[in-house]
Structure formats: C-alpha cells, structure tokens
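Please view the sequence and the structure together before reading on.

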Amino acid sequence: MDKIVTPDPSHLNSTDSHNVDEPAEDSFLMLDALESEIHFIKSLKPTICLEIGSGSGIVLTGLAKCLGSCCAYYFSIDINPHAAQVLEVIQNKVDVLVFNPPYVPTDENEIDPLSLIAPSWAGGFRGRTVMSCHSASYVSRKLCLLVNDEEDILNVMKSFSWRGSVIIERKAGREFLKVLKFECVKV
C-alpha cells in the first residue's frame with residue numbers, strides 16, 4: 001500500500017487533550033509529506049524509524065501502518081525524560097527520523113517544564129529552543145523529515161553534510177508550514 005491512512009484519534013478523551021498535543025495541521029502535513037516520499041522511504045528498506053516529539057503518535061502510527069511491522073521497528077519519544085534516554089541506545093542506527101518540533105516563537109518562560117502541554121508548541125526564541133541539530137548524529141545514512149523554518153535549518157544541517165529541501169508546504173490559518181527533507185551526503 002502506498003497511501004498513508006490517517007489514524008483515527010477518537011480514542012483521545014478530554015483529559016488527554018489537556019496533556020497531549022492533539023493532531024493539527026502540522027501533523028496532517030507531515031503525514032502528507034511522508035506519503036509523498038513513501039516510494040523513496042520503502043526503497044531505503046528502513047529497519048528503525050524514530051519520531052521525536054510524537055505527541056498523539058498519529059504520524060508514526062500512519063507510517064507504521066503503511067510500511068508494516070515486518071520491515072521496521074518503530075520508536076517514538078517525547079519530552080518525558082525517561083523516554084529521552086532511549087536515544088543513546090539507537091545512536092547512528094536510525095534510518096528514518098521524523099521530527100515536528102515545537103516551532104511557535106514564544107517567550108522562553110512559556111516553555112514551562114512543569115506543564116505537559118506547553119512544551120509541545122512553545123518554541124522559545126525564533127521557535128527553535130527545543131530543536132537540536134544533534135538529531136543529525138542519530139540518523140545513520142538515510143532520511144530526516146521535520147517541520148520548521150527552512151533557512152537556518154538548511155544551513156545548519158548542511159554543516160553536518162546533509163542536503164535539504166522543502167518537499168511540501170501549506171498555509172494553515174495564520175501559519176505557513178513546510179516539511180523539510182534531509183539526506184546525508186557523506187560517503
């Protein structure tokens with residue numbers, strides 16, 4: 001199957017919506033981006049797919065349903081510090097990395113570590129406080145997709161020998177969202 005079917009989030013209840021970032025335009029744009037790249041992703045024969053900042057998990061679930069469980073292992077982490085420890089175990093082994101970081105520019109004090117929901121959208125100065133380009137070291141050789149402002153990120157990732165481009169973009173209300181695709185050019 002070459003279509004990514006949007007997972008049904010109806011299992012989320014009102015309590016969940018206070019603690020988990022619900023799927024929104026950026027989540028659906030990421031699903032569309034993955035679908036537009038699905039032939040390429042399948043050609044990579046990925047064994048490990050990782051989503052950082054998975055929130056509701058709708059993106060990784062959609063990818064997993066499309067690729068199937070016989071080909072890859074799927075991991076997701078969020079701001080939970082216990083989950084973040086998993087990253088060290090899979091360093092340089094991730095084939096597909098999906099990252100929709102908090103990108104809304106906010107005052108730094110809006111990134112409240114005691115809040116479960118604010119860190120999912122509050123991006124701090126220029127919307128990049130949470131995003132770290134260390135993600136380049138976790139992807140072994142294949143593909144990274146993320147939503148964010150393109151110019152700075154394209155330049156930073158280029159310094160890590162990653163070639164990037166915008167693969168899909170969409171206006172969503174007041175936001176203009178873009179999904180960037182990065183491929184490692186190191187040999």
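## A charge over a ring

The charged end of Lys181 is placed over the ring of Phe40, at 4.0 Å from the ring's centre. A charge sits over a ring if NZ of Lys or CZ of Arg is within 6 Å of the ring centre and within 35 degrees of the ring normal.

## Basis of the description

The model is predicted: local features need pLDDT of at least 70 and side-chain atom pairs count only at pLDDT 80 or more, while totals for chains, interfaces and linings use all residues. Residues are numbered from 1 along each chain as its sequence is written, and side-chain values use heavy atoms, leaving out hydrogens and water.

## The chain as a whole

The chain contains eight helices and eight strands. These are DSSP runs numbered from the N terminus, helices being H or I with at least four residues and strands being E with at least two. Of its 187 residues, 42% count as buried, where buried means under 20% relative accessible area, exposed over 50%, and partly exposed in between (1.4 Å probe, protein chains only).

Among contacts (heavy atoms within 4.5 Å) between residues at least 6 apart in sequence, 67% join residues at least 24 apart.

## Nonpolar cores

A nonpolar core is a set of buried Ala, Val, Leu, Ile, Met, Phe, Trp, Tyr and Cys residues joined through side-chain atoms within 4.5 Å. The largest one comprises 24 residues, and Leu34, Cys49, Val59, Leu63 and Val96 have the most contacts inside it. Two or more residues are given to this core by each of helices H2 (25–36), H3 (38–44) and H4 (58–67), and of strands E3 (94–99), E7 (162–172) and E8 (175–184). H4 provides the largest share, six residues. Another core, of seven residues, lies apart from it and includes Leu50, Ile52, Ile77 and Val94.

## Helix H2

H2 has 12 residues and reaches 16 Å from its first C-alpha to its last, close to the 16 Å expected at 1.5 Å a residue; the expected span is 1.5 Å times one less than the number of residues. Within H2, the buried residues are Asp26, Ser27, Leu29, Met30, Leu31, Ala33 and Leu34.

## Selected residues

Cys66 belongs to helix H4 and is buried, with a relative accessible area of 7%. Val5 is 61 residues from Cys66 in sequence, yet their C-alpha atoms are 7.5 Å apart in space. Thr106, in the loop between strands E4 (104–105) and E5 (122–124), is also buried, at 12% relative accessible area. Beyond its neighbours within four places in sequence, Thr106 is in contact with Ile111, Trp121, Ala122, Gly123, Gly124 and Phe125.

Asp8 is found in the segment before helix H1 (14–19) and counts as exposed, at 56% relative accessibility. Lys45 occupies the loop between H3 and strand E1 (48–52) and is exposed at 63% relative accessibility. Although Lys45 is not a glycine, its phi is positive, about 50 degrees.
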